[in-house]
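Subject: Structure for you to look at

Hello,

Here is the structure I promised. Please open it beside this email and follow along.

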Amino acid sequence: MYNPSPLADRMRPRRLEEFVGQSHLLGESKPLRRAIESGHLHSMILWGPPGTGKTTLARLVASYCQAHFLNISAVFSGVKDIRAAVAQAKKSRTEGRATVLFVDEAHRFNKSQQDAFLPYVEDGTLIFLGATTENPSFELNNALLSRARTYVLKALGYDDIRTIIECALGEERGLGGRDLAMEEGSLDLLVQAADGDGRRALNLLEICADLAESVKGREAVLLQTVRDVAAGGLRRFDKAGDAFYDQISALHKSVRGSDPDAALYWFARMLDGGCDPLYIARRVVRMASEDVGNADPRGLQVAVNAWDVYQRLGSPEGELALAQAVVFLASVPKSNAVYTAFQAAMRDARALGSLEVPMHLRNASTRFMKELGHGRGYRYVYDEPYEKIHEKEGAFAAGERYFPEGMEERRYYRPVEQGLESKIRERLGRLRAINQEVRKANRK
């Protein structure tokens, strides 16, 4: 019999035993499973990628607890809809029945809309179940988070997706009545194309089933059909959400960890997901300064050149230049000495107030400034004689002081023993030793 409902809806699990994936939450003896089976309701936030079972789990919670199930979407609903749901919940409560209010895309509600739930969650009028693909700690009010337990759902694994597809092919409520055959390799390709999303897997399967061809008197899904249907599918990548920031974080940390292969993989993942290459180019320049720094100053130039090449050539030619920069930065010596020095200097600049520039360091561009003493006593390093104590170091005013008066000298920049910075470390060490010796001699 023809069923107009989408395959993904028809195959929605009806019992916990049919639920695929999320064993870390729903495995035997896990707290959430025990709570559902025992009918002990509590408000919860379900956070995870699309197609991982958030809506299904909410329905199962209501079903096992014999609660009234209300479903609203934050995309289409407002405070008026929340009030209507609360009114229904109050009516159900007088009849001795609990109400589960499921809010899909909960992060789309603004602060006032989220606040509208709080009194009724607090007094038990309704059990709040929110589903979100965004990090709740960023998108939901602290007051709401404190009243609900957050459960993290994971993208479905290969075996999970395969199980879902095989169940749909075999069960009567799915495609079992059609006795579909799958050409060799087509099932594996479907699993891969689903990219951890159970709903997507079933939607792709349904399209492929509609395009099935007769092979030796039996309907069959051909490998080429799956290729055509799955073509152009992007990997999971939300340009405004956690996947975006997680992947750029993985790219940055792979470069920092000197793993060019992993860095290339995350670079490719971001491009494949539709990320703007110019955004990556900006981040690559940041990596060059933050994590390579003076250990290999060429890194910054390579990064800037790659950015320039992409702006000149665009895709796909310019992407190769970005890949070159990513590999170079991942392969060269690393130093965050400039980054940490800059952070420390900024902290002092904010904390110590507007300390005066010492007179000998002030600009003396006019006669009046000179009369005030600006620049008086300044030692021009190129005029300094090669004294014995620092005969190997020209253009250096031994013992001179450049920090503001009343502020102890700081040592922000601490070069590491990596690449060119090891040479910088060695030279600065010599200069500091010369300064100490000259100042010691001056104090006598």
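**The cavity**

The largest cavity holds about 40 Å³ of space. A cavity here is a set of points, on a 1 Å grid over the protein atoms alone, where a 1.4 Å probe fits but cannot get out. Grid points are joined across faces, edges and corners, and a volume is the space filled by probe spheres set on the points. The count comes to one cavity of 30 Å³ or more.

Before going on, please note that this is a predicted model: local features need pLDDT of at least 70, side-chain atom pairs count only at pLDDT 80 or more, and totals for chains, interfaces and linings use all residues. Residues are numbered from 1 along each chain as its sequence is written, and side-chain values use heavy atoms, with hydrogens and water left out.

Which residues line the largest cavity? They are Leu32, Ala35, Ile36, His40, Leu41, His42, Met44, Val61 and Cys65. Lining residues have an atom within 4 Å of a point. By class, seven are nonpolar, two are polar and none is charged. Ala, Val, Leu, Ile, Met, Phe, Trp, Tyr, Cys and Pro count as nonpolar, Asp, Glu, Lys and Arg as charged, and the others, Gly among them, as polar. Helix H3 (residues 31–38) gives the most to this lining, with three residues. Helices (H or I, at least four residues) and strands (E, at least two) are DSSP runs, numbered from the N terminus.

**Helix H16**

H16 covers residues 277–292. Its 16 residues should span 22 Å at 1.5 Å a residue, and its end C-alpha atoms are 21 Å apart, which agrees. The expected span is 1.5 Å times one less than the number of residues.

Asp276 caps the N-terminal end of H16, with a side-chain oxygen 3.0 Å from the backbone nitrogen of Leu278. After H16 comes Gly293, with a positive phi near 55 degrees.

The buried residues of H16 include Tyr279, Ile280, Val284, Glu290 and Asp291. Buried means under 20% relative accessible area, exposed over 50%, partly exposed in between (1.4 Å probe, protein chains only). Leaving aside neighbours within four places in sequence, Ala281 is in contact (heavy atoms within 4.5 Å) with Trp307 and Leu322. Ala281 and Glu319 are 38 residues apart in sequence but 9.4 Å apart in space, C-alpha to C-alpha.

**Helix H21**

H21 (residues 419–443) has 25 residues. From first C-alpha to last it reaches 37 Å, close to the 36 Å expected. Its buried residues are Glu421, Ser422, Leu431, Ile434, Asn435 and Val438. Helix H19 (337–351) is included in what covers them.

**Backbone points to check**

Most residues other than glycine have a negative phi, and most peptide bonds are trans. Here are the exceptions I would look at.

- Ser315 and Pro316 are joined by a cis peptide bond, with omega about 0 degrees. Pro316 lies in the loop between helix H17 (298–313) and helix H18 (317–331).
- Ser29 is not a glycine, yet has a positive phi of about 75 degrees. Ser29 lies in the loop between helix H2 (23–26) and H3, and is exposed at 52% relative accessible area.
- Asp195 also has a positive phi, about 55 degrees, without being a glycine. Asp195 sits in the loop between helix H11 (186–194) and helix H12 (198–210). At 19% relative accessibility, Asp195 counts as buried.

Best wishes

How values were computed: On a 1 Å grid over the protein atoms alone, a cavity is a set of points where a 1.4 Å probe fits but cannot get out, and a pocket is an open set with protein on both sides within 12 Å along at least five of seven lines; lining residues have an atom within 4 Å of a point. A polar contact is a pair of N or O atoms within 3.5 Å; within protein, one must be able to donate a hydrogen and the other to accept it, and residues adjacent in sequence count only if both atoms are side-chain atoms.
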